[in-house]
Amino acid sequence: MSKQEVEEKIVQIAHDFAKKYGEDILQLRIDEFIAYITPLLNLNELDIFRHNQYQMIRLFVETVKKDLGKS
């Protein structure tokens, strides 16, 4: 699995998260984002996520904020 594929999965997880929790995301801390995301990844994806953790979290948060801005 490539970094780009993991990024695409993070974006999909973010879309699902925004639909499910909405504005509540604005109250979460980074460790809470990580706790939400990591169980949804397999070991290979998790290795890539951890290696690029800050970039992946930023992608997750930006995606959710865009989704919230649309609604």
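Select F17 to start: this residue is buried, with a relative accessible area of 3% (buried means under 20% relative accessible area, exposed over 50% and partly exposed in between, with a 1.4 Å probe and protein chains only). The model is predicted, so local features need pLDDT of at least 70 and side-chain atom pairs count only at pLDDT 80 or more, while totals for chains, interfaces and linings use all residues. Residues are numbered from 1 along each chain as its sequence is written, and side-chain values use heavy atoms, with hydrogens and water left out.

Next, show the aromatic rings. Rings of Phe, Tyr and Trp (its six-membered ring) pair if their centres lie within 6.5 Å; planes under 30 degrees apart count as stacked, over 60 as edge-to-face and the rest as tilted. The count under this rule is six aromatic pairs. One of them joins F17 to Y36, edge-to-face, at 4.6 Å centre to centre and 70° between the planes. This pair links distant parts of the chain, 19 residues apart: F17 sits in helix α1 (residues 3-21) and Y36 in helix α2 (residues 30-37). Helices here are DSSP runs (H or I, at least four residues), as are strands (E, at least two), numbered from the N terminus.

Keep Y36 selected. Its relative accessibility is 23%, so Y36 counts as partly exposed. Y36 also pairs with F60; that pair is tilted, with 6.5 Å centre to centre and 50° between the planes. Because Y36 lies in helix α2 and F60 in helix α4 (residues 53-70), the pair ties together parts that are 24 residues apart in sequence. Select F60 itself: the residue is buried, at 0% relative accessible area.

Together with F17, Y36 and F60 they form a cluster linked by ring pairs.

Now zoom out and colour by secondary structure. The protein chain has four helices and zero strands, in the order α-α-α-α from the N terminus on. Along its principal axes the C-alpha trace spans about 35 × 20 × 20 Å. Buried residues make up 37% of the 71 residues.

Finish with the surface, using accessible areas from the Shrake-Rupley method with a 1.4 Å probe, where for residues only the protein chains shown count as cover. The protein chain exposes about 4,700 Å², and carbon and sulfur atoms supply 51% of it.
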